[in-house]
Amino acid sequence: MDLKTGRLYWPATYKEPQAYPSVEADLECDVVIIGAGVSGACTAYELKDTGLDVIVIDKRTVAAGSSSANTGLLQFSNDQLLFEAIRSFGEKAAVDHYWRCYDAISRLRDEIVPSLSVDPDLIMRDSLFFASNEEEKEVVEQEYQALKKAGFDATYLEPDEMEKWVPFKRPAAMLTKGDAEVNPYKLTYGLIQAAADSGVRIFEQTEVFLKKADDEGVLLRTEGGYIIKAKKAIFSQGYETQETVKEKNAVIESSYAIVTNQLKDLSFWKDNVMIWESARPYFYARSTADGRIVMGGLDERTSDPDKRDQMIVSKRKQLLAEIESWFPQLKGEVQADFEWSGSFAHMHDGQPVIGQYDRVPNSYFLLGYGGNGIVYSLFLSKLIARHLMGEKDEAFSFYSHERVYETT
Ligand SMILES: Cc1cc2nc3c(=O)[nH]c(=O)nc-3n(C[C@H](O)[C@H](O)[C@H](O)COP(=O)(O)OP(=O)(O)OC[C@H]3O[C@@H](n4cnc5c(N)ncnc54)[C@H](O)[C@@H]3O)c2cc1C
């Protein structure tokens, strides 16, 4: 699958990453993880100290799939807002899900990042969510009420208060605490390196195909004809997992992003809060460690990479125009040093999925689809690792592909 096209920013920030060998022999292990994007990397990290013999295999290099095309905003708020999720899944399930996202970011900061030898430029940032127009004011109000009731740190901002954070006003806004920005490429390399240091075997440039899965375990075949025999398999192939097993709840669309030139002065953007809005699709922005602006959005309902890529130039112009409308100080100063399009998947019901399909026994499918893909991968990988080790977690069934929700 053609996952992305264009000039990517993150690989330019980490020019000499660790290389890993390709598979050149038959292999046996307890667990094989297919995919070394952020999902596979998180899973390898979770399993690294379990005593299991674990292998990770990627057909590209580490982080060369969607994980190099994402914009690295880590937010506990989802594309499906909390008050909407409560309507769909009931209050307890929705609030628990939001806290799971929040806790995943906190754990990344407190536990995971300090243990990595590659610094992923994680910076905790507040998020500013604004009403795109007068009619959407109600959306911000409802979301603010839902977040406050659930115990999150949220502050409602009138237009004049919003202007203290960014140089533009909208009918209403809200500031939330607990989010972060990260370099997703370095994060993935850091997690993989930590796993490798603990004995997980990492392989790149090796495409694998599912040959057989039964009660005995899983057999994979590499493109070079080698066989990999595992007791369990975890498919974390990102959006390409749909080529192994099609999940009926998944929808693939397209998204766009640019990264500007380095800008001398961003002081008009207080604390470089991460910005997003209530419109769908929405614009969003963050800054980078080297003083650039990342702006993304303008999603299109096409899964066709040719159609997706034909729009890169016009999307770049629209994204630049939006930056100039948010930050008029930058008129004539900003250009896109990097620009790309990417395929992007989400679930019909807005929640990520752990697939366990009868036709593929002894296997898990980590489908962290949605705008919070990294956050989802962080906690889905932990849920899968715990399940695999025989530990019970009631959250596991909430993410099952067979889920049935009890709404109130
Ligand atoms: C433009 C854009 C912006 C985004 N912004 C954000 C954001 O701000 N925050 C956020 O949380 N998420 C964001 N996302 C989503 C995020 O990128 C994804 O959720 C995340 O990267 C998925 O990681 P993954 O490891 O599941 O997939 P991938 O990174 O695609 O990794 C899967 C890996 O599996 C490998 N693979 C596939 N098939 C095989 C096979 N048969 N054999 C061997 N290897 C195989 C691939 O080569 C690939 O490396 C964004 C996505 C896009 C496109």
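Domain bounds are those of an automatic or database domain assignment. In this predicted model, local features need pLDDT of at least 70 and side-chain atom pairs count only at pLDDT 80 or more, whereas totals for chains, interfaces and linings use all residues. Residues are numbered from 1 along each chain as its sequence is written, and side-chain values use heavy atoms, with hydrogens and water left out.

The protein chain is divided into domain 1 (4-70 + 185-247 + 350-399) and domain 2 (123-181 + 250-347). Their centres, taken over C-alpha atoms, are separated by 29 Å. Contact (heavy atoms within 4.5 Å) joins 21 residues of domain 1 to 22 residues of domain 2. The size of an interface is often given as the accessible area lost when the parts come together. Between domain 1 and domain 2, the buried area (accessible area lost, 1.4 Å probe, summed over both parts) is about 1800 Å², and carbon and sulfur atoms give 60% of it.

Both domains also contribute to the shell around the ligand, with at least three residues from each. Of the 36 residues around the ligand (a heavy atom within 4 Å), Ser39, Asp58, Ser67, Asn70 and Ile374 come nearest. The shell comprises 13 nonpolar, 18 polar and five charged residues, with Gly counted among the polar ones.

Polar contacts (pairs of N or O atoms within 3.5 Å) include a polar backbone atom of lysine 59 at 3.0 Å from a nitrogen atom of the ligand. A polar backbone atom of valine 38 lies 3.1 Å from a ligand oxygen atom. For glycine 72, a backbone N or O atom is 3.3 Å from an oxygen atom of the ligand. The protein buries 97% of the 1000 Å² that the ligand exposes when taken alone, with accessible areas from the Shrake-Rupley method and a 1.4 Å probe.

Key: Polar contact = N/O pair within 3.5 Å; in protein donor to acceptor, adjacent residues only side chain to side chain. Buried area = accessible area lost by both parts, 1.4 Å probe.
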